[in-house]
Amino acid sequence: MSESHDPTAPGIDAGRIWFDGRLVPQEQAQVSVLTHAMHYGTSVFEGIRAYATDRGPAVFRLRDHSRRLLESARILGMRNDLPSVEEIDDAILATIRANDRASCYVRPLLWYGAESLGVNPGRNRVHFMVATWSWGTYLGDEAVAKGARLITSSWRRSPADVMPTKAKAGGNYVNSVLANQEARELGYDEALLLDAQGFVAEGSGENLFLVRDGVLYPVAHSVNLRGITRDSVIRLAEADGVTVRESMATRDELYTADEVFMVGTAAEVTPIAEIDRRPIGAGAAGPFAMRMRERYLAAATGEDERFAAWLTFVS
Ligand SMILES: *Cc1c(COP(=O)(O)O)cnc(C)c1O
């Protein structure tokens with residue numbers, strides 16, 4: 001087998017991976033090509049970050065992520081062999097510890113195994129893995145400094161009666177992949193997804209916020225993933241005395257906002273400078289977004305005592 005066809009060739013350095021109850025070297029964490037999840041997208045996952053603090057690495061909102069992973073599993077109807085919320089927390093902490101990382105991205109995954117390939121996964125085992133790796137700014141330092149450039153996707157967010165959009169599920173991500181890929185191929189940083197009626201939903205993996213006349217408007221939509229970063233930013237803004245009003249948005253409301261920014265565990269808080277070739281506000285990273293980014297990172301790195309309960313220290 002030539003090297004370029006080695007399916008285990010690591011593009012990601014995950015070191016030791018939690019795999020069904022054991023920590024194993026990355027090259028041993030392998031699955032069958034007949035894995036149900038690989039054929040039908042029947043997996044659920046989380047994206048979590050651990051930040052370096054002066055007391056070592058701390059996982060940001062660990063329990064909230066572990067709980068959401070189990071909620072996603074419940075939405076898919078996964079029943080057998082599910083870890084408990086405590087077991088998920090412990091596996092994540094053990095994996096970070098085993099790799100001795102100061103900070104990292106954390107990817108837990110639950111998926112149906114290879115016991116059968118019928119569409120009905122009832123007989124299939126649910127497997128559980130946790131991988132960690134180093135991951136810097138998701139959209140690049142330039143997108144943060146200058147503000148990201150977005151384009152409305154030709155792909156719509158799936159309606160709630162088509163896909164379970166509250167689940168962070170592998171299958172749902174075909175929609176995100178198509179939208180993000182299209183935006184990147186057109187030269188933009190990220191896609192803006194609308195719903196079937198044309199209302200603003202979210203980015204391919206980020207929730208959106210608008211700022212107008214000093215009021216913060218988290219974009220509300222029934223098909224959006226309930227983001228943990230979104231919740232954190234709302235609480236940080238409220239602690240700053242900012243008025244927060246969740247509301248639906250149309251794309252023209254984004255065009256005329258003072259600022260638009262997007263948030264997610266991977267993207268953290270990223271300002272948006274341009275949408276559909278129109279400058280947003282001053283067409284640069286907005287001051288409100290940058291302040292929220294600073295507040296968010298201060299909370300995540302343990303510099304803001306008021307939000308210490310969001311951190312779980314690894315050791
Ligand atoms: C993960 C995700 C987000 C962001 O959620 P966080 O909990 O903030 O990381 C937003 N939208 C979609 C579609 C996602 O999958």
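Which backbone atom lies 2.7 Å from an oxygen atom of the ligand? A backbone N or O atom of I228 does. The views below come from a predicted model, in which local features need pLDDT of at least 70, side-chain atom pairs count only at pLDDT 80 or more, and totals for chains, interfaces and linings use all residues. Residues are numbered from 1 along each chain as its sequence is written, and side-chain values use heavy atoms, with hydrogens and water left out.

**View 1. Surroundings of the ligand.** The ligand is surrounded by 15 residues (a residue is near if one of its heavy atoms lies within 4 Å). The closest are K168, Y173, E202, T229 and T265.

View 2. A polar contact here is a pair of N or O atoms within 3.5 Å. Y173 places a polar side-chain atom 2.5 Å from a ligand oxygen atom. E202 has a polar side-chain atom 2.7 Å from a ligand nitrogen atom. I228 uses a backbone N or O atom, 2.7 Å from a ligand oxygen atom.

**View 3. Helix α6 against helix α8.** Helices are DSSP runs (H or I, at least four residues), numbered from the N terminus. α6 spans residues 228-239 and α8 spans residues 287-300. They pack at about 105°, with axes 10 Å apart. Axes are lines fitted to C-alpha atoms over the stretch in contact, and angles run from 0 to 180 degrees between N-to-C directions. The two helices are therefore roughly perpendicular (65 to 115 degrees). T229, S232, V233, L236 and A237 of α6 meet M292, R295, Y296 and A299 of α8 (contact means heavy atoms within 4.5 Å). Six of these contact residues are nonpolar, two polar and one charged.

**View 4. Helix α2 against helix α3.** α2 (residues 62-76) packs on α3 (residues 85-99) at about 125°, with axes 9 Å apart. L62, R63, S66, R67, L69 and L70 of α2 touch V85, E86, I88, D89, I92 and L93 of α3. This contact has seven nonpolar residues, one polar and four charged.

Conventions
Ala, Val, Leu, Ile, Met, Phe, Trp, Tyr, Cys and Pro count as nonpolar, Asp, Glu, Lys and Arg as charged, and the others, Gly among them, as polar. A polar contact is a pair of N or O atoms within 3.5 Å; within protein, one must be able to donate a hydrogen and the other to accept it, and residues adjacent in sequence count only if both atoms are side-chain atoms. Angles under 35 degrees count as roughly parallel, over 145 as roughly antiparallel, 65 to 115 as roughly perpendicular and the rest as oblique.
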